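Subject: Structure handover

Hello,

Here is the structure we discussed handing over.

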Amino acid sequence: MNQPQPESGSWGAPAAWAQAGAPVEQPPSIRLAVRLMWVGATVTLIGIVSAFLQVDELKKQIRDSDRTLRPDEVDSYATAVLMFAVVIGSAVIGLWLWMAGTNAQGKMWARTTATVLGALNLASNLVGLALGQQAPITMVINVVNLVLAATILVLLYRPDSNRFYNQNQSSMVPWGSGQPG
């Protein structure tokens, strides 16, 4: 007797397994995208550290922008800029790590959020490069961030990534569906 075979999902697993809530294996594109998100967090940390290493240049730029500032005012402005860099940089690191974790789980909303954040990353780094007047290390960090964001976005939308997100989406049971808890 010929019995019908269960429809296969990606990577040879029966589609019913994914719908029953079994974990869906990450495709290589997602694994790489998640690793690159970790790299993005590391690059952001390097950017924060490099800001502290360039404090003398920062003070020079502040002095050049307003010759009426006293030395203590220049120091205060430089400290404020560095603290701003730490706060914003820490938030960006947190976003990179959050996006890595949630995209690794195949959450569709995480891919959408990563897309919006990636587009903002691309735009801000392009503006930074277009404005120029940056230290060489800052320019390098901007270029690395551009390449990371573009690569990650491509990886998140590859066909195997689409299947991964779709399978993880279909494995979720919505609230109030009448299914036993």
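Predicted model: local features only at pLDDT ≥ 70, side-chain atom pairs only at ≥ 80, totals over all residues.

Overall chain. The chain has 181 residues, of which 33% count as buried.

Helix α4. This helix covers residues 71-104, and its 34 residues at 1.5 Å a residue should span 50 Å; the C-alpha atoms at its ends are 49 Å apart, which agrees. Buried residues in α4 include Val74, Ala78, Leu82, Gly89, Ile93 and Trp96. Towards the end of the list come Met99, Ala100, Thr102 and Asn103, also buried. Just after α4, Gly106 has a positive phi of about 80°.

The pair α2 and α6. Helix α2 spans residues 28-53, and its axis comes within 9 Å of that of α6, with a crossing angle of roughly 160°. Angles over 145 degrees count as roughly antiparallel, and α2 and α6 are therefore roughly antiparallel to each other. The crossing of α2 past α6 is left-handed. On the α2 side, the residues making the contact include Leu36, Val39, Gly40, Val43 and Ile46; on the α6 side, they include Ile141, Val144, Asn145, Leu148 and Ile152. By type, the residues of this contact divide into 15 nonpolar, six polar and no charged.

Asn145. This residue sits in helix α6, residues 136-156. Asn145 is buried because its relative accessible area is 9%, and the cut-off for buried is under 20%. Not counting residues up to four places away in sequence, Asn145 touches Val43, Trp96, Asn121 and Asn125. Of these, Val43 is part of the α2 side of the contact with α6, and Trp96 is one of the buried residues of α4.

Thr115. This residue is in helix α5, residues 108-131. Is Thr115 buried, exposed or partly exposed? At 23% relative accessibility, Thr115 counts as partly exposed. With neighbours within four places in sequence left aside, Thr115 is in contact with Leu153 and Tyr157. The C-alpha atoms of Thr115 and Ile152 are 9.0 Å apart in space, while the two residues are 37 apart in sequence. Ile152 also belongs to the α6 side of the contact with α2.

Regards

Technical notes: Residues numbered from 1 in each chain as written. Heavy atoms only, no water. Helix = DSSP H or I, 4+ residues; strand = E, 2+ residues; numbered from the N terminus. Buried < 20%, exposed > 50% of the residue type's maximum accessible area, 1.4 Å probe, protein only. Contact = heavy atoms within 4.5 Å. Axes fitted to C-alpha atoms, helices over the stretch in contact; angles between N-to-C directions. Parallel < 35°, antiparallel > 145°, perpendicular 65-115°, else oblique. Left-handed = near helix turned anticlockwise from the far one by under 90°. Nonpolar A, V, L, I, M, F, W, Y, C, P; charged D, E, K, R; others polar. Expected span 1.5 Å × (residues − 1).
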